[in-house]
Amino acid sequence: MQGKNGKIMYNGENGEEGLEKMNMDDLMEKMKMLEFHQKLLLKMVKETKFKFNYLVIEKSLTESEMGEILYFCERMSKRYKKQKAEGFVYFHPLYDELYSFLQPKLEAEEVIDACLEQELFVPLMTELKKYSRL
């Protein structure tokens, strides 16, 4: 609610009653509008360098889900480096793990491509890209 000076008033401020509670229909309408605006913004920034972040928004992932993916990729990246140092030359099992971890919300190929575009986990994702079309 706006006070006499145009400032937004909150509960108890200057004796005003404050903002009224929104009903469920109002909240749903507001949410639909935000989702629509989000889609428009995504179209505007489609050619961004931050493809992984774009993918997170496009697929409606939560901050927690994004963190889990990044943590998983960080662990896989360390395993890849260790295996490579030990002389491994075949890394399809790592691809299979990524594929299984991401299902059903994401496809491994789109995550690999997005990470490479955003320069995340480049050595790992470059290697996994070799297996993404097999």
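At what angle do helix α4 and helix α5 pack, and how far apart are their axes?

1. This is a predicted model, in which local features need pLDDT of at least 70, side-chain atom pairs count only at pLDDT 80 or more, and totals for chains, interfaces and linings use all residues. Residues are numbered from 1 along each chain as its sequence is written, and side-chain values use heavy atoms, with hydrogens and water left out.

2. Helix α4 (residues 92-102) packs on helix α5 (residues 108-117) at about 105°, with the axes 9 Å apart. Helices are DSSP runs of H or I, at least four residues, numbered from the N terminus; axes are lines fitted to C-alpha atoms over the stretch in contact, and angles run from 0 to 180 degrees between N-to-C directions. The two helices are therefore roughly perpendicular (65 to 115 degrees).

3. From α4, Y95, L98, Y99 and L102 meet A108, E109, V111 and I112 of α5 (contact: heavy atoms within 4.5 Å).

4. In helix α2 (residues 51-58), F52, Y54, L55 and V56 are buried (under 20% relative accessible area, 1.4 Å probe, protein chains only). These buried residues pack against α1 (24-44), α3 (63-85) and α5.

5. The charged end of K51 sits over the ring of Y54, 5.6 Å from the ring centre (NZ of Lys or CZ of Arg within 6 Å of the centre and within 35 degrees of the ring normal).

6. There are four aromatic pairs (ring centres of Phe, Tyr or the six-membered ring of Trp within 6.5 Å). Among them, Y80 and F91 have centres 4.8 Å apart and planes at 65°, so the pair is edge-to-face (over 60 degrees). Both residues are buried.

Definitions and conventions: Angles under 35 degrees count as roughly parallel, over 145 as roughly antiparallel, 65 to 115 as roughly perpendicular and the rest as oblique. Buried means under 20% relative accessible area, exposed over 50%, partly exposed in between (1.4 Å probe, protein chains only). Rings of Phe, Tyr and Trp (its six-membered ring) pair if their centres lie within 6.5 Å; planes under 30 degrees apart count as stacked, over 60 as edge-to-face and the rest as tilted.
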